[in-house]
Protein chains: 2
Amino acid sequence: FKVSRMEKPHLVTCTAPVNIAVVKYWGKRNEELILPINSSLSVTLHQDQLKTTTTVATNKSFKEDRIWLNGKEEDVTHPRLQSCLREIRRLARKRHNDGDATSTDLTGLSQKVHICSINNFPTAAGLASSAAGFACLVYSLAQAFGVEGELSGIARQGSGSACRSMYGGFVQWIMGNQEDGKDSLAQQVEPESHWPELRILVLVASAERKPIGSTSGMQTSVQTSGLLKHRAESVVPHRMEEMIKAVRGKDFAAFAELTMKDSNQFHATCLDTYPPIFYLNRVSQQVIHLVHRYNRHYGETRVAYSFDAGPNAVIFTLQQHVPEFVHLVQHFFPPETNGENFIKGLPVKHAAASEQLKQSVGLEPMPKGINYVISTKAGPGPRVVKDPSLHLLTPDGFPKP
Amino acid sequence: FKVSRMEKPHLVTCTAPVNIAVVKYWGKRNEELILPINSSLSVTLHQDQLKTTTTVATNKSFKEDRIWLNGKEEDVTHPRLQSCLREIRRLARKRHNDGDATSTDLTGLSQKVHICSINNFPTAAGLASSAAGFACLVYSLAQAFGVEGELSGIARQGSGSACRSMYGGFVQWIMGNQEDGKDSLAQQVEPESHWPELRILVLVASAERKPIGSTSGMQTSVQTSGLLKHRAESVVPHRMEEMIKAVRGKDFAAFAELTMKDSNQFHATCLDTYPPIFYLNRVSQQVIHLVHRYNRHYGETRVAYSFDAGPNAVIFTLQQHVPEFVHLVQHFFPPETNGENFIKGLPVKHAAASEQLKQSVGLEPMPKGINYVISTKAGPGPRVVKDPSLHLLTPDGFPKP
């Protein structure tokens, strides 16, 4: 029995969520350790709609670490991937030496891993797949090597924003002060159950071109934008406090306004970068106008937008406003088909927007500007998948065909 | 003879130029006096291509002040127009009382005026017509009332940027510190003859919608953008010094980079405004990409862009690069017709861009994105038109039919 256990790989599968920052992270003070120039705050999206699934297999017979992402084998020597593997192994070794090893033995620590990971959403959705991806990787590796406890500092070294995907609900990434980055960690502000009325819509825009990547984009911004430096030092600290207060008090108007202002300021610093970086296209601009005119029509802030390093809008609103707002989106961005499959995810009741509201918004419709809408809400952090039929690797530790 | 002189109006006609800021003015610290939150610097464009012409008639028999703009009578009680009329009359009275009156008598000072003004460029060109307009108004009124000397402080009260159109060449508007605005004046940095190789191209973009006006736009920015405050206080003072140095030294690369960075930062503060303001559309973004890729191809900064409160690019380059760059513009923004009348103003030699250059730029052509190009250069300040046949008013003081 022992022989067969050693011959067959040990498999563990986990899932991890995407997160959307409402106080944005843009710029590192240390490229290698991935230490940010300011704190940030995000909402973890529900994994029922958007998630990464990762299976890690460990086995004595594996000759080398290998990784398959969305069906394709990738270079395992990628420095950030190596950082995560190294840090998890270091932690496992430390715990073993401290006599705290539960599920692995010293032999297990030296075993190579096979990693297989998939997203349940297209890369074209422009959602920060690296956050969910590295969160899932670190969480799965930790399970495989029997490591528990604070893992966001390791996920951070894979992809900065991945540290926030290690928790559910509303999560802050505290920038920290130490040079070694030990205090640059994510922390849950409130769990996903805190604000059940909050709804999130991802408006997947039809992009005209592939935008510049966030890693090189933020490097150029740190080097050239005086406004980014000012934002990080003088705007964000106070904004973090206000945002935490708005989240804790479930003050939607305050939350929404801070979210929009912060998204705009982030894109402003991209424009202040030299050469400038544009992530907002005309569809994004139109969504921004739509939201402001919708709010103006009602004389209150009912809907907010946020844009990451791409043209897709993430919309925040309360449950009761979703049907009408979705109808407006469909009206001003008429889909190609008759609208079937335009809404994915959480069901949205049908509602009509009044003619008065449409006139009050008064935008020129932009056919096919938005491909589809993902309807979701705040959700939990990474999870272990118990059902062995859901492993992405065969019992031999290779991708399922 | 005296009777007939008093019966026939006294006519004076002047022209004034448009100017393009390379260190931008955005935001007032005093709305009524039009005092800016930062200094700015502009290039006065040549009146052979772009100018306002204004005729002022004074006559004892006129019952009231009247004004016709581009063929249409406008409300003369407009506060900014009234400010200019009041200030010119105050100055004329003061000089008269100081015994310095040369061409007017006390009777003349109380005479009403008829004003007629036209631009030789379409409003659709999106060029700040109010700058040339108010500069021309103030210059013409000063001629009519026999006032000489510093007039930029009066033009400023018509439209902030108009003060810079009171001088030719390279002009700074010093923000000043006094509460009464007496030290907020324009000053020539270098005359138009200083840098004869400098060329300016106005790329008139096809706008999708009318953008928000600069007066209300900058009000909202001052009220809501933290980045604008930082820019005005901490970025512009040093940038003004650098820009003056670049202009004096005819250092094109330095001038060009500062110009682009300042334009981008101005638009960044617009995006940081709440609700955000967008002046750059996809044509503008494409021009920005074109310029940076062109410069990158040659490994030096040969061309710069600047955008005011609208989508039209103003391009700065040196004479020797004009033909090739214009060819590229025509290549990546194919005009509707065969390209006739695509270039207006100073003649541009035909040149081809190499295939290698086009590939290096590598943008998707955007047909009809640019309506036409105005080719011009730096030019002189306001001028009196001596030829009486060019008066815009009849000898009776009414618009010519």
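Let's start at the rotation axis. Of the residues of chain A, Ala268(A) comes closest to that axis, with its C-alpha at 2.1 Å. Keep in mind that this is a predicted model.

Now, the symmetry itself. Two copies of a chain are related by a rotation about an axis and a shift along it. Here the turn is 180° and the shift along the axis is 0.0 Å. Chain A then lies on chain B with an RMSD of 0.0 Å. The two copies are thus related as by a two-fold rotation axis. What about the contact surface? The same surface serves both copies, since 100% of the contact residues of chain A recur in chain B.

Next, the interface. How many residues does the contact take from each chain? Chain A gives 29 residues, and chain B gives 29 residues. The size of an interface is often given as the accessible area lost when the parts come together. For chain A and chain B, the buried area is about 2600 Å². Carbon and sulfur atoms carry 64% of it. Which three residues of chain A supply more of its buried area than any other three? They are Leu227(A), Tyr274(A) and Phe278(A). Together they supply 25% of the area that chain A buries against chain B.

On to the polar side of this interface. The count of salt bridges between chain A and chain B is 0. Polar contacts are another matter: 5 residue pairs are found across the interface, with both residues at pLDDT 80 or more.

Which helices of chain A build the touching side? α7 (226–248), α8 (252–271) and α9 (282–298) of chain A each supply at least two residues. α8(A) gives the most, with 8 residues. By class, the side of chain A that touches chain B has 12 nonpolar residues, 10 polar ones and 7 charged ones.

Let me turn to the aromatic rings. Over all chains, the structure holds 28 aromatic pairs. Take one of them, Trp26(B) with Phe266(B). The ring centres are 4.8 Å apart and the planes are at 55°, so the pair is tilted. The pair links distant parts of the chain, with its residues 240 residues apart. Trp26(B) is in the loop between β2 (19–23) and β3 (28–30) of chain B. Phe266(B) is in helix α8 (residues 252–271) of chain B.

A cis peptide bond joins Tyr274(A) to Pro275(A), with omega about -10°. Pro275(A) is in the loop between α8 and α9 of chain A. In chain B, a cis peptide bond joins Tyr274(B) and Pro275(B), and omega is about -5°. Pro275(B) sits in the loop between α8 and α9 (282–298) of chain B.

Ile34(B) is in the loop between β3 and β4 (35–36) of chain B.

Note on methods: Residues are numbered from 1 along each chain as its sequence is written. Chains are lettered from A and ligands numbered from 1 in the order in which they are written. This is a predicted model: local features need pLDDT of at least 70, side-chain atom pairs count only at pLDDT 80 or more; totals for chains, interfaces and linings use all residues. Side-chain values use heavy atoms; hydrogens and water are left out. Copies are superposed by least squares on the C-alpha atoms of residues with pLDDT of at least 70 in both. Contact means heavy atoms within 4.5 Å. Buried area is the accessible area (1.4 Å probe) that two parts lose on being put together, summed over both. A salt bridge is a side-chain nitrogen of Lys or Arg within 4 Å of a carboxyl oxygen of Asp or Glu. A polar contact is a pair of N or O atoms within 3.5 Å; within protein, one must be able to donate a hydrogen and the other to accept it, and residues adjacent in sequence count only if both atoms are side-chain atoms. Helices (H or I, at least four residues) and strands (E, at least two) are DSSP runs, numbered from the N terminus. Ala, Val, Leu, Ile, Met, Phe, Trp, Tyr, Cys and Pro count as nonpolar, Asp, Glu, Lys and Arg as charged, and the others, Gly among them, as polar. Rings of Phe, Tyr and Trp (its six-membered ring) pair if their centres lie within 6.5 Å; planes under 30 degrees apart count as stacked, over 60 as edge-to-face and the rest as tilted.
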